[in-house]
Amino acid sequence: MSIGTQIEILKNELPSTVKLVAVSKFNPVEAIQQAYEAGQRIFGESRPQELQQKVALLPDDIKWHFIGHLQTNKLKMVLPYVELVHSVDSERLLMEIDKFAVKNGLKVRCLLELFVAQEESKQGFSEEELMALLDSLQQNPLQGVEICGLMGMASFVEDENQIRGEFQTLKRVYDKVREKYISTLPQFNELSMGMSGDYRIAIECGSTMVRIGTTIFGARNYSK
């Protein structure tokens with residue numbers, strides 16, 4: 001099935017409240033162009049150098065999202081080009097993004113990554129760390145960053161009940177943050193969860209943004 005057909009099928013399936021992030025990392029410019037021609041405008045990348053190369057070669061109305069682990073020494077390769085950073089997984093990274101944004105006259109939209117999976121390889125804040133950070137930001141607001149919501153990944157398992165439980169945890173914390181801080185975080189309205197294997201469960205649990213790659217582009221060549 002063609003990339004364009006897959007995009008069309010997904011757009012017909014997804015509720016109007018859910019944005020589709022086409023995960024284009026490791027995929028060639030030609031494949032992204034096919035998705036673009038099918039009407040897709042939001043693409044997710046996870047490697048700074050690859051992002052820079054694609055930005056230069058593809059239409060300038062694409063909305064690039066950074067979805068990988070972001071190192072502080074790579075901010076200049078990412079922040080000027082992206083509409084949203086999904087994967088802010090530490091207070092240190094958030095502060096470095098804010099510092100870079102202020103210095104360069106940017107306003108960077110970010111999601112805070114919450115750790116909900118059972119896998120140690122995953123990253124992110126615990127619920128306690130997240131709430132402590134948001135409490136501290138009430139006293140010392142960021143100047144260059146807008147915190148727009150949460151992101152998380154479920155465990156890579158077959159057990160749908162476990163996946164559902166982890167997504168429900170994400171939604172519970174998201175609702176808790178909105179209830180407590182909505183007056184100071186009015187733009188906090190995105191919950192990025194769900195990938196090719198579990199996006200239907202994520203939508204059922206309240207996702208506003210799904211990150212789908214394999215379903216659109218096929219299996220990726222990670223050796224590139």
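Predicted model: local features only at pLDDT ≥ 70, side-chain atom pairs only at ≥ 80, totals over all residues.

Student: What is the handedness of the crossing of α6 and α7?
Tutor: A crossing is left-handed if the near helix is turned anticlockwise from the far one by less than a right angle, and right-handed if clockwise. Helices here are DSSP runs (H or I, at least four residues), strands are likewise DSSP runs (E, at least two), and both are numbered from the N terminus. By this convention, the crossing of α6 and α7 is right-handed.

Student: How are α6 and α7 oriented to each other, roughly parallel or roughly antiparallel?
Tutor: Helix α6 (residues 127-139) and helix α7 (residues 160-181) pack with their axes 12 Å apart, at an angle of about 20°. Axes are lines fitted to C-alpha atoms, for helices over the stretch in contact, and angles run from 0 to 180 degrees between N-to-C directions. Angles under 35 degrees count as roughly parallel, over 145 as roughly antiparallel, 65 to 115 as roughly perpendicular and the rest as oblique. The two helices α6 and α7 are therefore roughly parallel.

Student: Which residues of α7 does α6 meet?
Tutor: Contact means heavy atoms within 4.5 Å. From α6, the residues involved are Glu127, Leu130, Met131, Leu134, Asp135 and Gln138, and their partners in α7 are Arg172, Val173, Lys176, Val177, Lys180 and Tyr181.

Student: Where do the buried residues of α3 lie around the helix?
Tutor: Buried means under 20% relative accessible area, exposed over 50%, and partly exposed in between (1.4 Å probe, protein chains only). In α3 (residues 48-57), the buried residues are Pro48, Glu50, Leu51 and Lys54. Seen down the axis, they fall within an arc of 155°, the arc being that of the directions from the helix axis to the C-beta atoms. The buried residues of α3 therefore line one face of the helix.

Student: Which exposed residues does the face of α3 turned away from its buried side carry?
Tutor: The buried side of α3 is covered by elements including α2 (29-37), β2 (42-45) and β3 (63-66). The face turned away from that side carries Gln49, Ala56 and Leu57.

Student: Is Ser24 buried or exposed?
Tutor: Ser24 is found in the loop between β1 (19-23) and α2. Among the residues that Ser24 touches are Glu50, Lys54 and Trp64. Because its relative accessibility is 0%, Ser24 counts as buried.

Student: What is the phi of Phe26?
Tutor: Phe26 also lies in the loop between β1 and α2, and it is buried, with a relative accessible area of 10%. Its phi is positive in a residue other than glycine, with a value near 70°.

Student: How far apart in space are Met209 and Lys19?
Tutor: Met209 is found in strand β8 (residues 209-212) and counts as buried at 2% relative accessibility. Met209 touches Lys19, and other residues including Val18 and His65. Although Met209 and Lys19 are 190 residues apart in sequence, their C-alpha to C-alpha distance is 4.6 Å.

Notes
Residues numbered from 1 in each chain as written. Heavy atoms only, no water. Lists of a residue's contacts leave out its neighbours within four places in sequence.
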